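Trainee: I'd like to learn how to read a protein model, one feature at a time. Can we go through this one together?

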Amino acid sequence: MSWTDYASAPAPGTPICPESEVGTVHSVQVATPRGSFPLLIARTDAGLRAYANACPHQYLPLDSRGPQILSADGARLMCTAHGASFDIATGAALAGAPCGLDAVPVESVAGMIRIAAG
Ligand code: FES
């Protein structure tokens, strides 16, 4: 499943949040005309990354059982439901999930993060 398959997938240009709100990982519901879209934004050494907040194990939000989804070393996103983990910079599955997180293209323009053109 790709993030664009969600009925609520936000269109390119949709504003998400000010970049200043993003620490290392930020979980946000993006309001769209067709409902809210769950998004994770991560600040990595390679720049901003964003993923649909749906763990490919059982499609629960990674933070369904609490906000602590960043590994102690800051390199992985960890699902609070059953412990799957993902590379924070690529979304690739490292353990516990059959595939990686769906990357969502984002860009920061004048301090505002928004959905980029794919
Ligand atoms: S839903 Fe994420 S590990 Fe099971």
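Mentor: Strands here are DSSP runs of type E with at least two residues, and they're numbered from the N terminus. Before we go on, this is a predicted model, where local features need pLDDT of at least 70, side-chain atom pairs count only at pLDDT 80 or more, and totals for chains, interfaces and linings use all residues. Residues are numbered from 1 along each chain as its sequence is written, and side-chain values use heavy atoms, with hydrogens and water left out.

Trainee: In what order do the three strands of the open sheet come?

Mentor: The order is S1-S9-S8, and the pairing is antiparallel. S1 (15–18) and S8 (106–109) are the edge strands, each pairing on one side only. On average, neighbouring strands of this sheet are turned by 25° against each other, ignoring direction; the axes behind that angle are lines fitted to C-alpha atoms, and angles run from 0 to 180 degrees between N-to-C directions.

Trainee: How many bridges join S8 and S9?

Mentor: Four, in the antiparallel sense. Valine 106 has isoleucine 115 as its bridge partner in S9, and glutamate 107 has arginine 114. S8 and S9 form a hairpin with two residues between them, and alanine 110 in the turn has a positive phi of about 55°.

Trainee: Now faces. Which residues of S9 are on the covered face, and which on the uncovered one?

Mentor: The general idea is that in a regular strand the side chains alternate between the two faces of the sheet. In S9, Ile113 and Ile115 make up the covered face, while Met112 and Arg114 make up the uncovered one.

Trainee: Why does isoleucine 115 count as buried?

Mentor: Buried means under 20% relative accessible area, exposed means over 50%, and partly exposed is in between (1.4 Å probe, protein chains only). Isoleucine 115 counts as buried because its relative accessibility is 0%. Contact means heavy atoms within 4.5 Å. Leaving aside neighbours within four places in sequence, isoleucine 115 has contacts that include Trp3, Pro10, Ile16 and Val104. Its C-alpha atom is 9.9 Å from that of alanine 9, which is 106 residues away along the chain.

Trainee: Which residues touch the most other members of the largest nonpolar core?

Mentor: In soluble globular proteins, nonpolar side chains tend to be buried together. A nonpolar core is a set of buried Ala, Val, Leu, Ile, Met, Phe, Trp, Tyr and Cys residues joined through side-chain atoms within 4.5 Å. The largest one has 19 residues, and Trp3, Ile16, Phe37, Leu39, Ile41 and Ile113 touch the most other members. S1, S2 (25–32), S3 (35–44), S4 (47–52) and S9 each supply at least two residues of this core. A second, separate core of 14 residues includes Leu62, Ile69, Ala84 and Phe86.

Trainee: Is serine 8 buried or exposed?

Mentor: Serine 8 is buried, at 9% relative accessible area, and sits in the segment before S1. A polar contact is a pair of N or O atoms within 3.5 Å; within protein, one must be able to donate a hydrogen and the other to accept it, and residues adjacent in sequence count only if both atoms are side-chain atoms. A polar atom of the serine 8 side chain lies 3.2 Å from the backbone oxygen of serine 36.

Definitions and conventions. Two strands pair if DSSP finds at least two bridges between them.
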